[in-house]
Amino acid sequence: MEWAILGIVVVAVLYAIMVYNGLVSLRQRVNQAFADIDVQLKQRHDLIPNLVETVKGYAAHERGTLDAVVQARNAALGAHGPAQQAAAEQALSGALGRLIALAEAYPDLKANSNFQQLQVDLSDIENKLAAARRFFNNAVSEYNAAIQAFPAVLFAASFGFTQREFFDVGETARQQLDIAPQVKF
């Protein structure tokens, strides 16, 4: 009888250790995924001054647009946490969109090889950033599900495992994204 009880206790302890290690692994995956987003954002933020300087040479009187991009970049650099970063990056994306739209008004700028290369680089970074955000949100989803599932839910909070935030565009931006664009000829 003593051996049976000892066996059950050993199995329970080993199972708890496996669950704990699994949660640690998932938490590290979330942290790594967030770090991947940071790498892409750093590349994006490093590219923006080059893009702004290239546009300045052609559209110096578009100071408001250029200043908005610089301010949005600085706000994005100072953002902390997924929610704050998502909001700052959404504002930066809007400012970059207005900056890229300037190329339509300045054919010489649009034909400039430096500007074209910067646009390609920015597009590439945006694609990588979108993939990194999807990976992060997937990792957060798995982690949050794991700490809410039985038996981990019994001790996850006591070991410091708390829910993580998704990298979300926010309700206002989502409403704007849900509106279909109008095409007029």
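Mentor: Let's start with H45, which touches R73, A76, L77, E89 and L92, not counting residues up to four places away in sequence.

Trainee: What makes something a contact here?

Mentor: Contact means heavy atoms within 4.5 Å. Before we go on, this is a predicted model, where local features need pLDDT of at least 70 and side-chain atom pairs count only at pLDDT 80 or more, while totals for chains, interfaces and linings use all residues. Residues are numbered from 1 along each chain as its sequence is written, and side-chain values use heavy atoms, with hydrogens and water left out.

Trainee: Why is H45 called buried?

Mentor: Buried means under 20% relative accessible area (exposed is over 50%, partly exposed in between, with a 1.4 Å probe and protein chains only). H45 has a relative accessible area of 4%, so H45 is buried.

Trainee: Which helix holds H45?

Mentor: H45 lies in helix α1, residues 2-58. A helix here is a DSSP run of H or I with at least four residues, a strand is a run of E with at least two, and numbering goes from the N terminus. By that count the protein chain has 6 helices and 0 strands, and its pattern along the sequence reads α-α-α-α-α-α.

Trainee: Why are α1 and α2 called roughly antiparallel?

Mentor: Here's the general idea: two packed helices are described by the angle between their axes and the distance between the axes. The axes are lines fitted to C-alpha atoms, for helices over the stretch in contact, and angles run from 0 to 180 degrees between N-to-C directions. Under 35 degrees counts as roughly parallel, over 145 as roughly antiparallel, 65 to 115 as roughly perpendicular, and the rest as oblique. The axes of α1 and α2 cross at roughly 170 degrees and come within 11 Å. That makes α1 roughly antiparallel to α2. On the α1 side the contact includes H45, I48 and V52, and on the α2 side it includes R73, A76 and L77. By class, this contact has 9 nonpolar, 1 polar and 4 charged residues.

Trainee: What makes a residue nonpolar, charged or polar?

Mentor: Ala, Val, Leu, Ile, Met, Phe, Trp, Tyr, Cys and Pro count as nonpolar, Asp, Glu, Lys and Arg as charged, and the others, Gly among them, as polar.

Trainee: Back in α1, why does Q40 count as buried?

Mentor: Q40, found in helix α1, has 14% relative accessibility, so Q40 counts as buried. Leaving out residues up to four places away in sequence, Q40 touches I125, K128, L129 and A132.

Trainee: How do you know that V140 is buried?

Mentor: V140 is in helix α5, residues 113-148. At 0% relative accessibility, V140 counts as buried. V140 touches V30, R164, E165 and F166, again not counting residues up to four places away. Of the 185 residues of the protein chain, 32% count as buried.

Trainee: What makes the bond between F150 and P151 stand out?

Mentor: A cis peptide bond joins F150 and P151, with omega about 10 degrees. In general, most peptide bonds are trans. P151 sits in the loop between α5 and α6 (171-178).
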